[in-house]
Amino acid sequence: MKEPNCSADPIGQNIIKLISNVCFSVFVFTVLIFTVIAITYKPPDPWESSRALTRVFTEVENATFQTDTSVLKTGEDIAAVVPVASPSVSLPITEAVIEKSEEAMTNLTPKSGCDELSVVNCSDPRVLIAIEKFNLKHFKSILFLEYQTPVNGSRQDECDVAWRFRNKKEKSWRKYRDFRRYRIGYGDNCNYKVVGARGWHSGINARKPRIRFNATRRGEHAKVAPAPQFHDEEINDTIPVLSSDAAFRQGKYLYYSRGGDYCKGMNHYLWSFLCALGEAQYLNRTFVMDLSICLSATYTASNKDEEGKDFRFYFDFEHLKEVASIVEEREFLRDWRKWDKTHKKKIPVRKVASHKVTPMQLKKDKSTIIWRQFDAPEPENYWYRVCEAQAAKYIQRPWHALWKSKRLMNIVSEISGNMNWDFDAVHVVRGEKAQNKERWPHLDADTSPDALVLKLQGMIKPWRDLYIATNEPFYNYFDKLRSHYRVHLLDDYKNLWGNTSEWYNETRLLNGGQPVEFDGYMRVEVDTEVLYRAKTRVETFYNLTSDCKDGVNTC
């Protein structure tokens, strides 16, 4: 009988041992990798995560004036909004609309030659048609929404006309106003044609100056400042007021006390404010809004935080009222105290001490007032913490509700209109970044006057209107560009917020008769929006320098 061959047994055992060792090594290596990751991983700061989630609101179009400052895109920059309770939306005046108007006037052409037209009749509908054609041809970047009947200019062949428009890049329903002077001549068949047109707001006979009483609080009339040259009668900054005690008692409110967000940067404020507004909408409650803003030192001339700024200086309160249910804080507290004084049964209030109490837990709460209090240390007392974690799946920030101030946008329109909406722009970032050679080693040299002339000549045609959005403090820094372009800087338009301007008088009314400073954030908003409207836009960190926007090795 043959003995079994035992030589195969060690070979099989060795293979099994080898496989076991390999599997164990893979296991140990995997555990080691996860251990290293666990030790070295640092979770992102929630504020930085919030910025990442809203990258669409912060990209490219920010004419920043400080190292870490940008302007969020607001609702009118993102998508078209159909107004809920807004004035009627006008359809744009197009070539097809003009052709229909012409067809209705075929019998108005004079039969006796052009002699009878030696004096232009500005009220003749054909004059308006000629002006509409001229505007469509020359101002291609704006939508024309409505015209007033032309009136006589200063000469027999001149007509002044006012019209409302909107820039094609703006997605809101808002209207802006211009009035210009046109010189009228005659073409074939004695038809009117525009021979020439003057600049922005030149048709002074077509303007309608008026003194408008602008209510500031509770609908009462404030004292009227001296009438500026032109008022935007479409702005309504009045504070909504409840009609009765019963109306107050029937409401449901979400009230946020001040937290650590106060006096932080404007983007931080907006991220938190829209979180609160989003929670109010999720809970189907009226949001109690504090109109008083603390402006961060980043934007102030004093380099100190400044309290008492009005939300309406920066953002469109009228639009906010139309698309969101809000009540002003002082009105709310006045009505609350009045109710408690005059009724034995107090208002039911639920106080919420921590952001960890989620909106989902409050959804079925029947208290009249849900009062979120933010007394914890930073960053636990930031409003936006309410919208984190699971709440982020339920709370939608209503970006469409936030528009920039119509008064500031009027300044944007005036600057753009003075350049006939046909201009290019360059965003030149200097300031602290240009001085920090460790993080931005080439920025200072790449944005020097000589470098700007050299680079812009390859990007922008000579003698174009060139708007420069910049944080460079020295006005004459860009003088070398004036030999190649018609240069415009924000400070060239100081009269638009000076003490004889519409903006000055309107904001003074909102501020209880006290003048309002045209501060750093207002400058950023205006600069940004003008930059956004340029036909060719040159960016510092995309076109002028190889440095990364956020410093070395961050591209």
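Select Tyr314 to start: at 0% relative accessibility this residue counts as buried, where buried means under 20% relative accessible area, exposed over 50% and partly exposed in between, with a 1.4 Å probe and protein chains only. The model is predicted, so local features need pLDDT of at least 70 and side-chain atom pairs count only at pLDDT 80 or more, while totals for chains, interfaces and linings use all residues. Residues are numbered from 1 along each chain as its sequence is written, and side-chain values use heavy atoms, with hydrogens and water left out.

**Stop 1: the ring pair**

A search of the whole structure finds 40 aromatic pairs. Rings of Phe, Tyr and Trp (its six-membered ring) pair if their centres lie within 6.5 Å; planes under 30 degrees apart count as stacked, over 60 as edge-to-face and the rest as tilted. The centres of the Tyr314 and Tyr521 rings are 6.0 Å apart and their planes stand at 70°, so this pair is edge-to-face. Tyr314 belongs to helix α8 (residues 311–314) and Tyr521 to helix α17 (residues 520–532), so the pair ties together parts that are 207 residues apart in sequence. Helices (H or I, at least four residues) and strands (E, at least two) are DSSP runs, numbered from the N terminus.

Now widen the selection. Ring pairs link both tyrosines into a cluster whose members include Tyr256, Phe287, Phe311 and Trp383.

**Stop 2: the nonpolar cores**

In soluble globular proteins, nonpolar side chains tend to be buried together. A nonpolar core here is a set of buried Ala, Val, Leu, Ile, Met, Phe, Trp, Tyr and Cys residues joined through side-chain atoms within 4.5 Å. Select Trp163, Phe287, Phe311, Leu320 and Ile415: these have the most contacts inside the largest core, which has 95 residues. Which helix gives the most to this core? Helix α7 (residues 266–282) does, with eleven residues. Apart from this core lies another, of 16 residues, among them Val426, Leu456, Tyr485 and Val487.

Zoom in on Ile415. Leaving out residues up to four places away in sequence, Ile415 touches Tyr467, Leu490, Tyr493, Leu496, Val526 and Val530; contact means heavy atoms within 4.5 Å.

**Stop 3: the salt bridges**

The structure holds 39 salt bridges, each being a side-chain nitrogen of Lys or Arg within 4 Å of a carboxyl oxygen of Asp or Glu.

Select Asp519 and Lys309. They form a salt bridge whose closest N and O atoms are 4.0 Å apart. Asp519 sits in the loop between α16 (502–510) and α17, and Lys309 in strand β9 (residues 306–310), so the pair ties together parts that are 210 residues apart in sequence. Are these two residues buried or exposed? Both Asp519 and Lys309 are buried.

Next, select Glu506 and Arg407, another salt bridge, with the closest N and O atoms 3.3 Å apart. Glu506 is in helix α16 and Arg407 in helix α12 (residues 406–418), 99 residues apart. Both Glu506 and Arg407 are buried.

Then go to Asp422 and Lys535, whose side chains meet in a salt bridge (3.3 Å, N to O). Asp422 lies in the loop between α12 and β13 (424–428), and Lys535 in the loop between α17 and β16 (537–538), so this pair ties together parts that are 113 residues apart in sequence. Asp422 counts as partly exposed, at 29% relative accessibility.

To see a network of salt bridges, select Glu170, Arg174, Asp316, Lys404, Glu529 and Arg533.

**Stop 4: helix α16**

Trp503, Tyr504 and Leu509 are among the buried ones. The buried residues of α16 pack against β9, α8, α12 and α17. After α16 comes Gly512, whose phi is positive, near 70°.

**Stop 5: a surface patch**

Turn to Leu18, Val22 and Val26, which form a nonpolar patch on the surface with about 280 Å² of accessible area together. Patches are made of residues with over 30% relative accessible area and no salt bridge; like charges are joined within 9 Å and nonpolar side chains (Val, Leu, Ile, Met, Phe, Trp, Tyr) within 5 Å. Accessible areas come from the Shrake-Rupley method with a 1.4 Å probe, and for residues only the protein chains shown count as cover. Val22 lies in helix α1 (residues 8–40) and is partly exposed, with a relative accessible area of 46%.

**Last stop: the whole protein**

Clear the selection. The protein has 18 helices and 16 strands, and 50% of its 555 residues count as buried.
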